[in-house]
Amino acid sequence: MRAGFPDFRLGSVLATSFTATLTERRGDAVERIPTPQRLVDWLAVSGLAVESCTTAQLDLARQLRESIHAAATAAAVQEPLPEAAVRVINERSAQGRAAAVLTPDGKRRWRLSSPSGVEDALGVIAADAISIIAGERDGKLALCASPTCRAAFFDTSQSRTRRWCDMNTCGNRQKKARFNAKKPGSAE
């Protein structure tokens with residue numbers, strides 16, 4: 001990872017990991033892909049390596065990220081999906097030309113149509129978002145219980161009662177706050 005940027009929050013679900021490139025949405029927001037090169041870095045660690053990215057492609061990526069977040073948030077609280085968000089997700093999905101390929105060791109990888117295929121990578125992310133928002137995968141969309149985060153995440157826990165987008169960040173912060181509130185001499 002490049003020095004000077006916040007770490008990526010990588011989960012097991014591509015679409016919601018992508019929305020986590022902007023965190024603390026209701027607090028002091030943290031942009032984790034502030035430059036085109038940083039998007040290249042995120043795509044690489046997510047199995048969608050591209051050689052380069054333009055500012056216009058970064059803008060497309062951020063538009064897709066916010067559209068996925070809006071649609072996933074609506075789905076998590078069982079509200080109608082925002083039409084503009086659905087339109088962006090569908091457009092990015094349709095414009096991608098990536099192919100799923102099977103590796104000799106039995107893993108799925110993505111083959112992009114060209115080394116600079118940012119649009120292909122965004123198409124893969126959009127297709128992943130469509131599958132989770134449409135309820136095609138085992139799990140449920142939920143919102144992080146942290147009042148400063150409220151990230152949409154895909155809960156695949158057995159009980160489907162997970163509360164935090166990431167236990168190592170939001171969950172840990174909330175547990176620390178509860179612990180410190182119980183200490184003698186703390187205001188309750």
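1. Which pattern does the protein chain follow, read along the sequence? The order is α-β-β-α-α-α-β-β-α-β-β-α. The model is a predicted one. Its secondary structure comes to six helices and six strands.

2. Take the contacts with a separation of 6 or more. Residues 24 or more positions apart account for 55% of these.

3. Next, a helix pair. Helix α4 covers residues 83–95, and helix α5 covers residues 118–133. Their axes come within 7 Å. The crossing angle is roughly 130 degrees. Angles over 145 degrees would count as roughly antiparallel and 65 to 115 as roughly perpendicular, so α4 and α5 are classed as oblique to each other. The hand of the crossing is left-handed.

4. The residues behind that contact deserve a look in the viewer. From α4 come Ile 89, Asn 90, Arg 92, Ser 93 and Gln 95. From α5 come Glu 119, Asp 120, Leu 122, Gly 123, Ala 126, Ala 127, Ile 130 and Ile 133. By class, the contact of α4 with α5 holds six nonpolar, four polar and three charged residues.

5. Gln 57 sits in helix α3, residues 55–76. Is Gln 57 buried or exposed? Its relative accessible area is 10%, under the 20% cut-off, so Gln 57 counts as buried. Setting aside neighbours within four places in sequence, Gln 57 is in contact with Leu 39, Ser 52, Ser 116, Val 118, Glu 119 and Leu 122. Glu 119 and Leu 122 also belong to the α5 side of the α4 contact.

6. Salt bridges: the count comes to seven. One of them pairs Glu 66 with Arg 25, with the closest N and O atoms 2.6 Å apart. Why does this pair tie together separate parts of the chain? Glu 66 lies in helix α3, whereas Arg 25 lies in the loop between β1 (22–23) and β2 (30–31), so the bridge joins parts 41 residues apart in sequence. Glu 66 is partly exposed, at 31% relative accessible area.

7. Glu 31 and Arg 62 also meet through their side chains in a salt bridge, at 3.8 Å from N to O. Glu 31 is in strand β2 and Arg 62 is in helix α3, so this pair ties together parts 31 residues apart in sequence. Both ends count as partly exposed: Glu 31 at 24% relative accessibility, Arg 62 at 25%.

8. Asp 138 and Arg 160 form another salt bridge, at 2.5 Å from N to O. This pair links distant parts of the chain, 22 residues apart. Asp 138 is in the loop between α5 and β5 (140–143). Arg 160 is in the loop between β6 (152–155) and α6 (167–182). Asp 138 has a relative accessible area of 65%, over the 50% cut-off, so it counts as exposed.

9. Which residues do salt bridges with shared partners join into one network? They are Arg 25, Glu 31, Arg 62, Arg 65 and Glu 66. The Glu 66 to Arg 25 bridge of point 6 and the Glu 31 to Arg 62 bridge of point 7 involve residues of this network.

Terms used:
Residues are numbered from 1 along each chain as its sequence is written. This is a predicted model: local features need pLDDT of at least 70, side-chain atom pairs count only at pLDDT 80 or more; totals for chains, interfaces and linings use all residues. Side-chain values use heavy atoms; hydrogens and water are left out. Axes are lines fitted to C-alpha atoms, for helices over the stretch in contact, and angles run from 0 to 180 degrees between N-to-C directions. Helices (H or I, at least four residues) and strands (E, at least two) are DSSP runs, numbered from the N terminus. Angles under 35 degrees count as roughly parallel, over 145 as roughly antiparallel, 65 to 115 as roughly perpendicular and the rest as oblique. A crossing is left-handed if the near helix is turned anticlockwise from the far one by less than a right angle, and right-handed if clockwise. Contact means heavy atoms within 4.5 Å. Ala, Val, Leu, Ile, Met, Phe, Trp, Tyr, Cys and Pro count as nonpolar, Asp, Glu, Lys and Arg as charged, and the others, Gly among them, as polar. Buried means under 20% relative accessible area, exposed over 50%, partly exposed in between (1.4 Å probe, protein chains only). A salt bridge is a side-chain nitrogen of Lys or Arg within 4 Å of a carboxyl oxygen of Asp or Glu.
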